[in-house]
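Please read the following points with the model open beside the text.

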Amino acid sequence: MGGVGAAAVGGGRIGMVSLGCPKALVDSERILTQLRGEGYDLVGGYADADLVIVNTCGFIDAAVEESLEAIGEALAEQGRVIVTGCLGADAASIQSRFPEVLAVTGAHAYEAVVDAVHTHLPPPMYDPFASLVPPQGIRLTPRHYAYLKISEGCNHRCTFCIIPSMRGDLVSRPAGDVLEEAERLVAAGVKELLVISQDTSAYGVDLKYKTSFWGGRPVASRLNPLCEALASLGVWVRLHYVYPYPHVDQLIPLMAEGRLLPYLDMPLQHASPTLLKAMRRPAAAERQLERIHRWREQCPALTLRSTFIVGFPGETEGDFEQLLTFLEDAQLDRVGCFTYSPVEGAVANSFPGAISEAEKADRLEAFMAVQAEISAARLAEKVGRTLEVLVDEIGEDGVIARGPGDAPEIDGVVYLPGVDARPGDRLTVEIVASDEHDLEGRVLPKA
């Protein structure tokens, strides 16, 4: 069971299974922080728990199946289960399949989850001085990095996606609230903040970019001012889920100056204008290529990550060839690719021209073969360069770290054989070798 460390206070014991993306992980952290503050113990195994919360994912069919398996396992192992998260948006379906589930709530429904816990496992009597929650709250990531969620929901209606039906329209947090949380995290030892949302570039649109206050000074609830303020905290700041809106151009100088990590995670999804229109995705591939080249002129160290879909209904051989050509031209550093998944409720499921599973698999293989060569070449260019890295863990063969171009869990790592260091340490290294995923370095002596 995906759990957390146990606390040393008697009372109701809660286990948590957290599935899905970093945004769901933040939801789990908030639920656990609230419950811990009320005196519940947080445990890491079914046998120790009085009740289990399963935070589900419903983005694609594989994630739905994983979530359903997790619910079934929790019921079999413990029996008292509350379901929340994206899959909880269809409560009737969950309760029909698992009638013994105690309660079902939707995504980011923190209060509803806590209320359900109260109903089925009343809050314990506890000594607040013996069970204080740390100011940064309960976290499920290592001590040296943390996800910072700046908004929830999405205003897009992409035809392959059902996220808005599960998480609603965009709801941004005021800049002051975001920055206060970031300050608490940094004070607790966090060395890297990973900014996440469903649509990071749209941050503040729903608030009409309202100004709030942080440390006595005004900060507009807009992405660029927020990033400038985060950059002042003296830690790595990495941006995820950045749609390529025009104002993103203003972030590149901050990266070139070393104030933000030179890293952009942009979910482009395809390059064919026909398919982008069918997907209801913004931007055209030609304009994106122009901007990518301009960004790299301004910030040569920039790492670009993206995700794509192959096998979308109606994708022709010509569309797929356009995508491969875009990969060659864009030379993206890190790329993920998925075959189209007809998740229940997606508009595109009704589109003509469904692609067979065999053809989807062939296109995925061809796509990844092209990208593997590009990624290997991009990493090979780093050999001989000097990088600052952040230590993640100590492995059997030495230190495992990440550079500015490596987000945790989704990108590669930097191996440092024979090095004495601790997680969270920053080291200056020379890159001595590479492959299509990872780098190897040697630590340089301190100046």
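Contact means heavy atoms within 4.5 Å. Helices (H or I, at least four residues) and strands (E, at least two) are DSSP runs, numbered from the N terminus. This is a predicted model, in which local features need pLDDT of at least 70 and side-chain atom pairs count only at pLDDT 80 or more, while totals for chains, interfaces and linings use all residues. Residues are numbered from 1 along each chain as its sequence is written, and side-chain values use heavy atoms, with hydrogens and water left out.

1. Helices H6 and H7. Ala175, Val178, Leu179 and Ala182 of H6 are in contact with Leu226, Ala229 and Leu230 of H7. By class, this contact of H6 with H7 has 7 nonpolar, no polar and no charged residues. Here Ala, Val, Leu, Ile, Met, Phe, Trp, Tyr, Cys and Pro count as nonpolar, Asp, Glu, Lys and Arg as charged, and the others, Gly among them, as polar.

2. The axes of H6 (residues 175-187) and H7 (residues 223-231) come within 11 Å and cross at roughly 20 degrees. That angle makes H6 roughly parallel to H7. Axes are lines fitted to C-alpha atoms, for helices over the stretch in contact, and angles run from 0 to 180 degrees between N-to-C directions. Angles under 35 degrees count as roughly parallel, over 145 as roughly antiparallel, 65 to 115 as roughly perpendicular and the rest as oblique. H6 passes H7 in a right-handed crossing; a crossing is right-handed if the near helix is turned clockwise from the far one by less than a right angle, and left-handed if anticlockwise.

3. How many residues of H7 are buried? The number is 7 of the 9, so H7 is largely enclosed by the rest of the structure. Buried means under 20% relative accessible area, exposed over 50%, and partly exposed in between (1.4 Å probe, protein chains only). The buried residues of H7 are Leu223, Asn224, Leu226, Cys227, Ala229, Leu230 and Ala231.

4. Helices H11 and H12. The axes of H11 (residues 317-330) and H12 come within 10 Å and cross at roughly 15 degrees. The two helices are therefore roughly parallel to each other, and H11 passes H12 in a right-handed crossing. On the side of H11 the contact is made by Glu317, Phe320, Leu323, Leu324, Leu327 and Glu328, and on the side of H12 by Glu359, Arg363, Ala366, Phe367, Val370, Gln371 and Ile374. These residues comprise 8 nonpolar, 1 polar and 4 charged.

5. Helix H12 by itself. The 24 residues of H12 (residues 357-380) should span 34 Å at 1.5 Å a residue, and the end C-alpha atoms are 34 Å apart, which agrees. The expected span is 1.5 Å times one less than the number of residues. Among the buried residues of H12 are Lys360, Arg363, Phe367, Val370 and Arg378.

6. Helices H1 and H4. The axes of H1 (residues 22-37) and H4 (residues 110-120) come within 10 Å and cross at roughly 45 degrees. That makes H1 oblique to H4. H1 passes H4 in a right-handed crossing. Asp27, Arg30, Ile31, Gln34 and Leu35 of H1 make the contact with Tyr110, Val113, Val114 and Val117 of H4. By class, the residues divide into 6 nonpolar, 1 polar and 2 charged.

7. Pro123. This residue lies in the loop between H4 and strand E6 (145-149). At 41% relative accessibility, Pro123 counts as partly exposed. The C-alpha atoms of Pro123 and Gly39 are separated by 7.0 Å, although the two are 84 residues apart along the chain. Not counting residues up to four places away in sequence, Pro123 touches Tyr40 and His118.

8. Asp392. Is Asp392 buried or exposed? With a relative accessible area of 16%, Asp392 is buried, and its place is in strand E16 (residues 386-395). Leaving aside neighbours within four places in sequence, Asp392 is in contact with His144, Tyr145, Ile400, Ala401, Arg402 and Pro423.

9. Positive phi values. Gln269 has a positive phi of about 75 degrees although it is not a glycine. Gln269 is found in strand E13 (residues 263-269) and is buried, with a relative accessible area of 9%. Arg280, also a residue other than glycine, has a positive phi near 60 degrees. Arg280 is in the loop between helix H9 (273-279) and helix H10 (285-298) and is partly exposed, at 47% relative accessible area.
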